[in-house]
Amino acid sequence: MSDVYIVGADMIAFGRYPDRTYYQLGAEASLKALDDSGLSIKDIGAVYASSCFNAQSMLGQKVLKEIGQTGVPCINVSNACASGATAVREAFIGIKSGIYDAVLVVGSEKNPRGMLGGAPHDGPPPEGLFGSESMPAVFAEAGMVHTAAYGTTIEQFAQVAVKNHHHATMNPKAAYRKETPLDEVLASEMIAWPLTKLMCSANVDGAAALVLVSEKKARELGMSRAVRIRASMLTSDPYEPRNPVMFDCNSVTRLAAAKAYEMAGLGPKDLDIVELHDCFATAEILHYENLGLCGEGEAGRLIDSGDTALGGRIPVNVSGGLLSKGHPIGATGVANMVEIVEHLRGEAGARQVTGARIGLSHVLGFGAAAGVHILEKA
Amino acid sequence: MATDSLTLPKPATGVIRIGTDGRASIEGFRCRDCGGVFAEQTMSCRRCASRNAPEAFRAAESGKLYSWSVVHRSYPGIAVPFVSAIVDLDDGLTLKGTLRGVDAAAVRQGMPVSLVFDDAGGARDKEGAPYVGFHFTPKGDA
């Protein structure tokens, strides 16, 4: 089976686009990724389109109506915050199987405004009556388990936001590019203890796209900027006794990471850069351990050490992460990979991780799904 | 009276059962093969995939706090702050609820709590029937 290469990667600046549709955003990102690859939409054999809130509206077809209706298959996927990674994995399988030589992956989202979530229920509204189902509360509770087990402090959680906001100042496509020192993070509005507003991901619009090709096609195009997909893994949540009462963001990620490392024949020590799902500051701490970046219970010390900041041993969320780059749900997983690709090509500008050769991207979908991809400079 | 059946209390959430005596309880389900415990009835066992359907049991009314958050901002119209709590009941079932009657700064993992049935904030359905809900209190407090 052919290896799969990324030869085009780009995204629009994340932010608010009140006057544009989600498919216009997706079309713009698609054209940028195609231009980056040197291919035309006429070279593309299939489109994999991801969105959490608009996949059912035939997103892929709507993008093609903007950029060229070539009649190719469009696969529209929705898998919560793992939608983008799901689309990439399906595209990977399409190339790997030998059916396609070149495919387009596009993730696009215009998020609803306000706090996301809140499933419909029979009976009186459950929020506040039976605890909270809000995402900040859910991830606060996940973080407090770490606090109870290892003494992780609110300052350690807050340092994740300080770091990622600092990284975002170097990313022209991040939605929020302002330094936010620790006292500012801690003093911002308390949403769900221990999470303040600046420790919650930025609810924005956005789109990102990738062009994936077979090895044969990559050689035709020239390998100098190609990135190889060493592992593409997707998992659903395995049985955990407290789930679904307590959303389990750990086991689903650990399972995906273990399978991805196995597929790549690599381990956490081989990574030069990581983009992980910092939907909340607590989540980044948990995922340090879930992805094997440190030992059990060491995540608080890992953030304190500076090892996960740009210039450290294993920089995490150099893009600014979901906390400050922004989290347009269905575009997030694709954008994470765009960031890794830029670093592996040495094209990340001021935030470049020097000499990066291998990177990991991770997303977590509520419900649950986890996607882990390991990319390598070709 | 013909309207009596319309005013019987209703469970405010899926895990509550109301007996013929009008008393509320929590119903859990336990796999007959692997012992896995669930808050919902499923077709097969979530844990071991046994086709032997899990059997219902009446859950314990005391447990220990596993995790929590003090919620200061929620959806529009929701009164804050409140403590959102995840409680492991003594028989292995886990529930999410609101922990009341506690100083938020004193909440700790492992603190013993009691399950208390209540009127679900006084909610009524459109026919006027009351709802039965639950919350947690620190053990020993009513």
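The side chain of Arg345(A) reaches the backbone oxygen of Val7(A) at 3.2 Å, a polar contact, that is, a pair of N or O atoms within 3.5 Å in which, within protein, one must be able to donate a hydrogen and the other to accept it, and residues adjacent in sequence count only if both atoms are side-chain atoms. The model is predicted, with local features needing pLDDT of at least 70 and side-chain atom pairs counting only at pLDDT 80 or more, while totals for chains, interfaces and linings use all residues; side-chain values use heavy atoms, leaving out hydrogens and water. Residues are numbered from 1 along each chain as its sequence is written, and chains are lettered from A in the order in which they are written.

Arg345(A) lies in the loop between helix H12 and strand S10 (358–365) of chain A; helices (H or I, at least four residues) and strands (E, at least two) are DSSP runs, numbered from the N terminus. Arg345(A) counts as buried because its relative accessibility is 11%, where buried means under 20% relative accessible area, exposed over 50% and partly exposed in between (1.4 Å probe, protein chains only). Leaving aside residues up to four places away in sequence, Arg345(A) touches Val7(A), Gly8(A), Ala9(A), Asp36(A), Arg225(A) and Val227(A), a contact being heavy atoms within 4.5 Å.

Helix H12(A) is itself mostly covered, with 16 of its 16 residues buried. At 1.5 Å a residue, the 16 residues of H12(A) (329–344) should span 22 Å, which agrees with the 24 Å between the end C-alpha atoms; the expected span is 1.5 Å times one less than the number of residues. After H12(A) comes Gly346(A), whose phi is positive, near 75°.

Turning to the two chains, 36 residues from chain A and 37 residues from chain B take part in the contact. About 3,100 Å² is buried between chain A and chain B, and carbon and sulfur atoms give 60% of this area, which is the accessible area (1.4 Å probe) that two parts lose on being put together, summed over both. Phe130(A), Tyr239(A) and Val245(A) supply 23% of the area that chain A buries against chain B, more than any other three residues.

Three salt bridges are counted between chain A and chain B, each a side-chain nitrogen of Lys or Arg within 4 Å of a carboxyl oxygen of Asp or Glu. Glu141(A) and Lys96(B) meet in a salt bridge at 2.7 Å, N to O. On the side of chain A that touches chain B, helix H4 (135–150) and strand S5 (190–192) of chain A each supply at least two residues, and H4(A) gives the largest share, eight residues.
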